[in-house]
Amino acid sequence: AILEHIDSFIKEIDELITMAESVGVNDPNSAYISIEHPRLPLIHRHNLFLRETFLNIRDLYKPPSQDGEMSWRDATRVTVQECDENECEIAECVQTFNGEWTCM
């Protein structure tokens, strides 16, 4: 049941992403976006983030492969934000097959 819920949410997000891209959300010079929907690029980036997050969560619930081998889809990914008084930095970290973390 949880996989069905996650899959339906991913499908809805995909539809929203496609709709935003069809009106030119990725065009920085789009008059339509800047006048009619100035916050759409922010919403679009948020939807892309949600899609990736739910895909990662889905991978945690998918059944293991028949041969027992891990696949790249089993990797765990996190986004880390570290701030001081002046600025913030964001890094994306991925867990490898060996359980080691690599951050970029």
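**Sheet, ring pair and helices**

User: In what order do the three strands form the open sheet?

Analyst: The order is E1-E2-E3, and the pairing in this open sheet is antiparallel. Strands are DSSP runs (E, at least two residues), and helices are such runs too (H or I, at least four residues), both numbered from the N terminus; two strands pair if DSSP finds at least two bridges between them. This is a predicted model, in which local features need pLDDT of at least 70 and side-chain atom pairs count only at pLDDT 80 or more, while totals for chains, interfaces and linings use all residues. Residues are numbered from 1 along each chain as its sequence is written, and side-chain values use heavy atoms, without hydrogens and water.

User: Which strands stand at the edges?

Analyst: Strands E1 (77–83) and E3 (101–103) do, and each has a single partner strand, so one side of each lacks a neighbour in the sheet.

User: New topic: how many aromatic pairs are there?

Analyst: There is one. Ring centres of Phe9 and Phe54 are 4.3 Å apart with planes at 35°, so this pair is tilted (rings of Phe, Tyr and Trp, its six-membered ring, pair with centres within 6.5 Å; planes under 30 degrees apart are stacked, over 60 edge-to-face, the rest tilted).

User: Where do they lie?

Analyst: Phe9 is in helix H1 (residues 2–22) and Phe54 in helix H3 (residues 40–61), so the pair ties together parts 45 residues apart in sequence.
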